[in-house]
Amino acid sequence: MESTAPVRPPEIGSHQVRIGTAGWSYKDWDGIFYPPGMQRRKTHPLEYLARFFDTTEINTSFYGPLKPELAKLWCRKVAAVNPEFLFTAKLYRAFTHSPLAVMEPTSAATIRPTDEDEIRTREGLDALANAGKLGALLVQFPVSFKNTSLNREYLDRLLRQFIEYPRVVEVRHSSWNDAATLAAFTQKNVGFCNIDQPLLGRSLAPTEHVTAPIAYVRLHGRNYSEWFVDQTPESDNRNQRYNYLYKEKELEGWKERIENVAEKAQTTYVITNNHFESKAGVNALELKAMVSGKRVAAPPTLIRKYPELRRFADPAEDLGDGGLQMPLLA
């Protein structure tokens with residue numbers, strides 16, 4: 001592949017901001033984020049993605065323990081293109097969700113991880129960490145996981161269980177948005193995940209908390225009508241939940257929060273999870289331009305699909321072999 005200068009994370013003062021997408025392997029990204037038929041060119045999607053972003057969140061580690069050989073392959077692919085690239089990874093859902101999460105609330109009483117789950121989970125995380133590519137471990141709970149004494153005890157045990165990794169906790173119920181939780185996270189050196197999600201019931205509203213050197217922001221979209229559709233991987237409706245494109249005015253509010261967060265943290269991860277038809281790619285590139293104050297390079301197919309991106313980005317020239325000639329940006 002044609003070599004290009006690595007993508008450097010934007011900085012606020014001396015504080016690093018890493019902006020990227022949640023996942024990268026989606027069928028509906030072909031011909032939108034990725035050039036049509038890119039796989040025929042024997043180009044791995046991460047080799048392409050790492051030319052535009054310096055981080056991505058691993059989603060597959062949520063559905064099952066990450067295989068170490070796969071983690072090592074991914075590390076090699078991004079390192080060849082962008083040596084500064086870092087992954088974040090979701091913790092396997094056996095530790096954070098009831099096995100029947102669609103049918104029953106998640107709580108300390110319903111989560112049932114096994115010793116084997118821990119062994120296999122560590123294998124994949126260690127492969128990333130040993131390669132120097134694990135930026136953060138995201139411990140993500142559903143909105144049904146509320147701030148109760150039993151749940152606090154479980155979370156405390158879980159955070160000690162994975163203490164060797166840089167940990168970030170995502171809770172979606174507003175009961176966790178209190179001084180005691182923030183103090184506990186600060187004491188444990190655990191990041192609080194600031195999220196954007198449809199505000200239904202007691203869903204957590206946008207925050208800008210910093211409780212550790214690593215800060216984290218996740219934007220899920222605001223697709224209210226589809227938010228509680230069937231979330232099993234087999235569901236045909238699952239992707240509709242993330243079919244949402246943030247408008248520039250909506251991102252401006254998050255730009256301010258990201259800047260406030262970044263000033264207090266060493267490294268801030270900003271992840272766009274509205275992945276349907278690579279709307280996440282569009283909004284991540286827009287945020288990158290807004291935070292850095294500079295125009296960014298974007299896949300030419302993405303700009304064709306979303307011409308509003310031209311306000312922030314210039315197309316990288318496809319060299320025909322999976323390589324790119326990046327535009328000269330001021």
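Take Asn59 as an example. Setting aside neighbours within four places in sequence, Asn59 is in contact with Ala22, Gly23, Tyr26 and Lys90.

Okay, some housekeeping. This is a predicted model, where local features need pLDDT of at least 70 and side-chain atom pairs count only at pLDDT 80 or more, while totals for chains, interfaces and linings use all residues. Residues are numbered from 1 along each chain as its sequence is written, and side-chain values use heavy atoms, with hydrogens and water left out.

Now the overall view. The protein chain has nine helices and 13 strands; these are DSSP runs, numbered from the N terminus, with helices being H or I of at least four residues and strands being E of at least two. Of its 330 residues, 56% count as buried. Buried means under 20% relative accessible area, exposed is over 50%, and partly exposed is in between, using a 1.4 Å probe and protein chains only. Also, among contacts in the chain with a separation of 6 or more, 71% are between residues 24 or more positions apart.

Next, the core. A nonpolar core is a set of buried Ala, Val, Leu, Ile, Met, Phe, Trp, Tyr and Cys residues joined through side-chain atoms within 4.5 Å. In soluble globular proteins, nonpolar side chains tend to be buried together. The largest core here has 89 residues, and the ones touching the most other members are Phe33, Leu49, Phe87, Leu128, Phe141 and Val169. Helix α8, residues 279-292, gives the most to this core, with seven residues. Zoom in on Leu128: beyond four places in sequence, its contacts include Ile58, Phe87 and Lys133.

Grid points are joined across faces, edges and corners, and the volume is the space filled by probe spheres set on the points. How many cavities of 30 Å³ or more are there? The count is one, and the largest cavity holds about 40 Å³. Its lining is Ser61, Leu66, Lys90, Leu91, Tyr92, Thr121, Gly124 and Leu125. Helix α4, residues 115-130, supplies the largest share, three residues. By type, the lining is four nonpolar, three polar and one charged; Ala, Val, Leu, Ile, Met, Phe, Trp, Tyr, Cys and Pro count as nonpolar, Asp, Glu, Lys and Arg as charged, and the others, Gly among them, as polar.

Back to Asn59, in the loop between β3 (55-58) and α2 (60-63). Is Asn59 buried or exposed? Buried, because its relative accessibility is 15%. Its side chain also makes a polar contact with the side chain of Lys90, at 3.1 Å. A polar contact is a pair of N or O atoms within 3.5 Å; within protein, one must be able to donate a hydrogen and the other to accept it, and residues adjacent in sequence count only if both atoms are side-chain atoms.

Another loop residue is Thr207, between β7 (191-196) and β8 (214-219). Thr207 counts as buried at 7% relative accessibility, and its side chain makes a polar contact with the side chain of Asn194 at 2.6 Å.

Last one: Asn189 has a phi near 65°, a positive value in a residue other than glycine. Asn189 is partly exposed, at 43%.

Definitions and conventions. Contact = heavy atoms within 4.5 Å. 1 Å grid on protein atoms, 1.4 Å probe; cavity = no way out; pocket = protein on both sides within 12 Å on 5 of 7 lines; lining within 4 Å.
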